[in-house]
Amino acid sequence: MAQSKLVKGLTHSRVWRSLFRHGWPDNPLDRSLTMTSNIFFHLHPVKVSRKSLRWQYSFGLGVVATILYGVLIFTGVLLMFYYVPSVERAYPSMKEIQLSVPLGQFTRNMHRWAAHGMVLVVILHMVRVFYTGAYKPPRQFNWVIGVILLLFTLGASFTGYLLPWDQLSFWAITVGTNIASYAPGAGPVMREILLGGTEVGQDTLIRFYTLHIALLPLSLALVVSLHLWRVRKDGGLAATEVPDGEG
Ligand code: HEM
């Protein structure tokens with residue numbers, strides 16, 4: 001009784017009302033308002049199934065992919081302060097980052113490991129979605145958005161591979177773009193568009209750089225936002241409620 005008086009006093013105070021605009025969440029209406037009026041909570045539906053909240057259901061793989069994307073943007077912007085996308089300066093600038101820039105080696109390693117991690121996590125996330133049948137209606141549109149995200153993630157990885165401009169990068173992109181040229185019909189044209197000519201050179205480096213630092217990250221940001229908005233609009237994760245002890 002004393003506690004409810006205290007709660008009542010608190011939730012009726014002007015400070016509480018100006019901050020939260022709803023009462024203490026001990027009834028269905030105030031619980032809904034708690035979710036819809038909070039910038040972080042409103043990303044979730046008002047009601048979610050208990051099963052979908054268990055970490056073993058999704059392993060949080062989509063969230064981990066989103067966090068890795070954030071790490072890649074942060075470390076990538078730091079690397080851009082020193083990296084120069086020219087055939088004469090790309091390799092020396094990478095060496096400078098590794099050897100003389102404070103925390104340069106650490107930043108470069110974080111960027112590389114986060115990139116490998118993101119490819120792995122996105123594939124595992126896709127396997128999880130498939131395994132739990134979450135690609136079925138009404139989520140089929142989000143599955144298609146997911147496939148686009150997978151292609152963008154692989155594209156960001158591929159374009160980043162050329163940037164150190166060492167032997168490994170050079171030959172990997174030579175082989176990769178040769179493979180692309182075997183695609184029926186558009187293959188040879190695709191190779192030429194990617195390379196900006198007939199072989200890997202300065203024109204290729206600047207194309208890959210632009211794709212890697214601008215076009216793909218921005219497209220990813222846009223499509224990830226659409227993906228998360230769709231998860232929200234589809235009513236949260238696909239898990240259906242099962243009686244206790246069976247799920
Ligand atoms: C950049 C890559 C991606 C990011 C950042 C991402 C992010 C997310 C997040 C945060 C969720 C919410 C729940 C969770 O953590 O599992 C989710 C759900 C979902 N994702 Fe992704 N995702 C990506 C790629 C993909 C791919 C490759 C597919 C499939 C081709 C996919 C299909 C789906 C579907 C269908 C859901 C709803 C799952 C459910 O209702 O249980 N996503 N995604």
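**View 1. Leu162 and the residues it touches.** In this predicted model, Leu162 touches Ser169, Phe170, Ile173, Val200, Thr204, Leu205 and Phe208, leaving out residues up to four places away in sequence. Touching, or contact, here means heavy atoms within 4.5 Å. Leu162 is part of helix H9, where helices (H or I, at least four residues) and strands (E, at least two) are DSSP runs numbered from the N terminus. Is Leu162 buried or exposed? With 0% relative accessibility, Leu162 counts as buried. The cut-offs are these: buried is under 20% relative accessible area, exposed is over 50%, and partly exposed is in between, using a 1.4 Å probe and protein chains only. Ala221 sits 59 residues from Leu162 along the chain, and their C-alpha atoms are 22 Å apart.

A quick word on how to read these views. Residue numbers start from 1 along each chain as its sequence is written, and side-chain values use heavy atoms, with hydrogens and water left out. Since this is a predicted model, local features need pLDDT of at least 70 and side-chain atom pairs count only at pLDDT 80 or more, while totals for chains, interfaces and linings use all residues.

View 2. For reference, ideal angles for six octahedral donors are 90 or 180 degrees.

**View 3. Residues around the ligand.** There are 27 residues around the ligand, and His125, Arg128, Gly146, His227 and Ala238 come nearest. To be counted as near, a residue needs a heavy atom within 4 Å. Arg139 has a side-chain N or O atom 3.0 Å from an oxygen atom of the ligand. The side chain of His125 has an N or O atom 2.8 Å from a nitrogen atom of the ligand. For His227, a side-chain N or O atom is likewise 2.8 Å from a ligand nitrogen.

**View 4. A cis peptide bond at Pro137 and Pro138.** Pro137 and Pro138 are joined by a cis peptide bond, with omega at about 10°. Pro138 lies in the loop between H8 and helix H9 (140-162).

View 5. Leu103 is not a glycine, yet its phi is positive, at about 60°. You'll find Leu103 in the loop between helix H7 (90-99) and H8, and its relative accessible area of 63% makes it exposed. Trp165 is not a glycine either, and its phi is about 55°. Trp165 lies in the loop between H9 and helix H10 (167-181), and at 17% relative accessibility it counts as buried.

**View 6. His22 in its loop.** Look for His22 in the loop between helix H2 (14-20) and helix H3 (28-36). At 6% relative accessibility, His22 counts as buried. Which residues does His22 touch, not counting those up to four places away in sequence? They are Trp16, Arg17, Asp30, Leu33, Thr34 and Ser37.

**View 7. Val71 in helix H6.** Val71 lies in helix H6 (residues 61-80) and, at 25% relative accessibility, counts as partly exposed. Setting aside neighbours within four places in sequence, Val71 is in contact with Met110 and Ala114.

Technical notes:
Polar contact = N/O pair within 3.5 Å; in protein donor to acceptor, adjacent residues only side chain to side chain.
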